[in-house]
Amino acid sequence: MTFQVWGWRREVSQVWAWVPDAEGGRGAAMPRRTPATKDPTAVERANLLNMAKLSIKGLIESALSFGRTLDSDYPPLQQFFVVMEHCLKHGLKVRKSFLSYNKTIWGPLELVEKLYPEAEEIGASVRDLPGLKTPLGRARAWLRLALMQKKMADYLRCLIIQRDLLSEFYEYHALMMEEEGAVIVGLLVGLNVIDANLCVKGEDLDSQVGVIDFSMYLKNEEDIGNKERNVQIAAILDQKNYVEELNRQLNSTVSSLHSRVDSLEKSNTKLIEELAIAKNNIIKLQEENHQLRSENKLILMKTQQHLEVTKVDVETELQTYKHSRQGLDEMYNEARRQLRDESQLRQDVENELAVQVSMKHEIELAMKLLEKDIHEKQDTLIGLRQQLEEVKAINIEMYQKLQGSEADLKEKNEIIARLEEKTNKITAAMRQLEQRLQQAEKAQMDTEDEDKKYLQECQSKFDGLQKQISQKEKQLVQLETDLKIEKEWRQTLQEDLQKEKDTLSHLRNETQQITSLKKEFLHLQDENHQLKKIYHEQEQALQELGNKLSESKLKIEDIKEANKALQGLVWLKDKEATHCKLCEKEFSLSKRKHHCRNCGEIFCNACSDNELPLPSSPKPVRVCDSCHALLIQRCSSNLP
């Protein structure tokens, strides 16, 4: 027996394999050309694959030659559904129910709804059909609706990928679980060329018998030929596939651009919120800057008050030095020198304060002019550093004063120690004189009788000694008064020392506060620089996003125009046109027909003698006069 397929003939041995029919019986016998040693399931898969190839190819060829939309009564279409039913039933697991055993292809087809969300409409419409009672009828209706939607290949591809889910319905050797299933799904893509108009409601899909009719696929050698016709059909199919793929790509790019625009709008809103936060932070920093300036003014006032207090203390020290002895003139001169130094320092401080006041006025003018300029903080930082240096210089001077006053105290303590030594010597001399007086009185009592001259000499000596004692007593009184004065001076010096120590501790606290303020200011300056960087980066990002948005909007407009042109494209058939659409002259052998690649209408050579590149093809293509003028006008309007 000879078996002729697709223009070639091959001898086939009389070996048959049974293919299950729609009710799960043995069905029709199919020829196979495999040796007896092969696995029977593999032979069945190969036979089903060959039958699917034959049915799909025959359906496409007959549909293109038929030249219109296919109805449900079309025999090649009915045979295609029978073959697909056999392919889906191969290797199905038998499911036990309460009453009987169940073996149907509706279970795996229901899975498609979970894997492919667009298939939910088909499932819902199949369930809503009133005449369907069995799962097999629902599966047949599902296949017909999927073919009308031109998405049967997509749905079954999603099903084949999920083999873990398919293993619940199919055996491991089933056609849908092996490579043959993927091949059949790839062949089903070619059916997107066919337009089918099937009425599912009126058909009795539950009681149909699915038997394959092999007589449709057995051809004689006489039917083979007419290569030009096949070439034309292939060209038309390629053109239609190209247009459909272009449309799908454009739809996908439009959807991706829409999602991108949404993401860019979201990021733009986020950047606007961050900008508002950054502006609020800048306002807070300006308020803190004003606070720091006010604190700086308070510190300057305190330093001025401290200078006035030190001046008053120096004046009191000068008065006390005037009332003191001539021996303390050196101390007075030193204090005067210190006063001069402090007055010079005060003048320097006042000059610096005047400079700072002028700087402050200049900064305030700059603030009014520049408003939110953050460079002011650097000037204030410089001013704070100068003030810190001045406070440090004042602290050093006060420390030197303390050291000088401590040296003066040491010198006074040494003088007091010397005076105490002198008083001790005088008291010792007084004691010696009293002892001598007692001895003299004793000698006088003894020698009163013996020598009166000696008494007179003794009296004269005694008078001299009394004079010396009176002089010594006067010296003692003077020394005691000097001691009292020196004690009072020492007490005043100790009080001054305590005052200066208190002022030193206060100044140290102020310096600590200034250092902490300096650290806070440096931290704020770093934060300000970071905010500036973030602000500049966000501005650059916003500019880039704006440029990208404008570019994407232009691209979307171009794509929309191309999509509109493609959607409005209707390829007019040669049979339907007898006259030129523009000049309305009748076509003949001399006046031939030409298609416009933009609108799809048919024109003569004179009315379509133009070439322009279109979105569907980058090379220049034939265009009619009206489309040529319209496209040139659009291009000139798009140019800047």
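**Overall fold and the setting of Q387**

Of the 640 residues in the protein chain, 36% are buried. The structure is a predicted model, in which the protein chain contains 13 helices and ten strands. The accessible surface of the protein chain amounts to about 41600 Å², and carbon and sulfur atoms account for 52% of this area. When contacts between residues at least 6 apart in sequence are considered, 67% of them join residues at least 24 apart.

The confidence of the prediction was examined next. The pLDDT of the protein chain averages 77, and 79% of the residues reach a score of at least 70. Over residues 1-36, by contrast, the pLDDT is below 50, although this stretch has 84 contacts in the model beyond near neighbours in sequence. Where pLDDT is low, predicted coordinates should not be read in detail.

Q387 belongs to helix α11, which spans residues 376-446. The relative accessible area of Q387 is 6%; because this value falls under 20%, the residue is classed as buried. With residues up to four places away in sequence left out of the count, Q387 touches N296, L300 and Q356.

Methods:
Residues numbered from 1 in each chain as written. Predicted model: local features only at pLDDT ≥ 70, side-chain atom pairs only at ≥ 80, totals over all residues. Heavy atoms only, no water. Helix = DSSP H or I, 4+ residues; strand = E, 2+ residues; numbered from the N terminus. Buried < 20%, exposed > 50% of the residue type's maximum accessible area, 1.4 Å probe, protein only. Contact = heavy atoms within 4.5 Å. pLDDT = per-residue confidence, 0-100. Areas by Shrake-Rupley, 256 points an atom, 1.4 Å probe, with all protein chains shown as cover.
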